[in-house]
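Welcome! Let us walk through this structure together, one contact at a time.

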Amino acid sequence: MKFIDEITLSVKAGNGGDGVVRWLQQRGNPRGGPAGGNGGRGASVYARAVRDINVLSKYRGNNSFVGENGGAGGKSSQHGKNGENLYINLPVGSIITNTTTGESFELLNDGQEERMVAGGYGGLGNEHFKSSINVVPKQWTPGKPGEEADFYIELALIADAGFIGLPNAGKSSLLNAVTQAGAKVGGYQFTTLDPNLGDFYGYILADIPGIIEGASEGKGLGHKFLKHVTRTRVLVHCISFESVDPVADYRIIRNELISYNKELGDKKEILVLTKSDLVDENKQKEVYKRLSKETKDNILTISILDDSLVKEFSDTLTKLLKNS
Ligand SMILES: Nc1nc2c(ncn2[C@@H]2O[C@H](COP(=O)(O)OP(=O)(O)OP(=O)(O)O)[C@@H](O)[C@H]2O)c(=O)[nH]1
Ligand SMILES: [Mg+2]
């Protein structure tokens, strides 16, 4: 499941500082020798990967970045101050293309840093030109300009976890309980027609339309999206306690997954029994026991009305995403 976003940033690195002409100040000898320092290096600008899919929206109104210039050289051979490098936070999954050179790179890992434009080198002070044949050098050179370019950033996200299950199982409600997705929820089948995406501590969760028996052969809506969950790392399989036969529900979905693509059957899965507030404890225990015989995966009980159960789900999902 892909979620595309794009933006263009204009980026300029800092210019190098100029070299200067200075002389050693000695009593009685105002021109004691060349002592003009070199200019400092201009700041380079880097892209830094962060787990935050919303960070691009912050650059909508302000898409221009300029690195600090290097300082000019000083007297007494002092080197100019280097500009402090600038880091632009961009989401993991960004593909970054320099529109001038056509070069592109991708941010794959949290914390990864890549240089976008290099800062200019500082110029040379007159001391640099001192030699036996040039004892009173008046030469100096200006700092080099920092590189400058426009970058086209495209974010192509692949969901980390996919919520699957029969229609009305409570998938969208669960997504809403752990993210700000604000997905539409309804007490009827096929409330969800297009996938909903949620940002879960930087991981992308995707809630897809309900899957029904025969989905792998093209029935219902979920089949269109089975294709996309093949690329997620974790499946969150939702089964409602309201169901007459939760074990049958479980088998229907597992069957559809495996018929569609065998690899889907091997994915890490959390089995979530939803709407536990609607049944008593005995029923919960009975369903849990029967399902434990079907799977070795985690089985959790959830009610979106119970904060501690939502937290338990959230912790389990985080652990699974971190370790896969
Ligand atoms: N009592 C109770 N009702 C719930 C709970 N979770 C979901 N529901 C209700 O179950 C119904 C279906 O919820 P949805 O989240 O829309 O289910 P879905 O699986 O996304 O459904 P589709 O998009 O149609 O596949 C809604 O009326 C929800 O309010 C729960 O924990 N407790
Ligand atoms: Mg839904």
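Helices here are DSSP runs (H or I, at least four residues), as are strands (E, at least two), numbered from the N terminus.

Which residues of α1 and α5 make the contact? From α1 come Leu 174, Ala 177 and Val 178, and from α5 come Val 310, Phe 313 and Ser 314, where contact means heavy atoms within 4.5 Å. By class, this contact has 5 nonpolar residues, 1 polar and no charged ones. For these classes, Ala, Val, Leu, Ile, Met, Phe, Trp, Tyr, Cys and Pro count as nonpolar, Asp, Glu, Lys and Arg as charged, and the others, Gly among them, as polar.

Now to the metal. Ser 172 (OG) and Thr 192 (OG1) coordinate the magnesium ion (ligand 2) at 2.0 to 2.1 Å. Donors are N, O and S atoms within 2.8 Å of the metal (3.2 Å for Na, K and Ca), and sites may look incomplete because water is not among the atoms. Ser 172 lies in helix α1 (residues 171-178) and Thr 192 in the loop between α1 and β10 (196-200), so the pair ties together parts that are 20 residues apart in sequence. Ser 172 is buried at 8% relative accessibility. Buried means under 20% relative accessible area, exposed over 50%, and partly exposed in between (1.4 Å probe, protein chains only).

Next come the salt bridges, of which the structure holds 9; each is a side-chain nitrogen of Lys or Arg within 4 Å of a carboxyl oxygen of Asp or Glu. One of them joins Arg 254 and Glu 269, with the closest N and O atoms 2.7 Å apart. Arg 254 lies in helix α3 and Glu 269 in strand β13, so this pair links parts 15 residues apart in sequence. Both Arg 254 and Glu 269 are buried. Asp 245, Glu 286 and Arg 290 are joined into one network by salt bridges that share partners.

A note on reading the numbers: residues are numbered from 1 along each chain as its sequence is written, while chains are lettered from A and ligands numbered from 1 in the order in which they are written. In this predicted model, local features need pLDDT of at least 70 and side-chain atom pairs count only at pLDDT 80 or more, while totals for chains, interfaces and linings use all residues; side-chain values use heavy atoms, with hydrogens and water left out.
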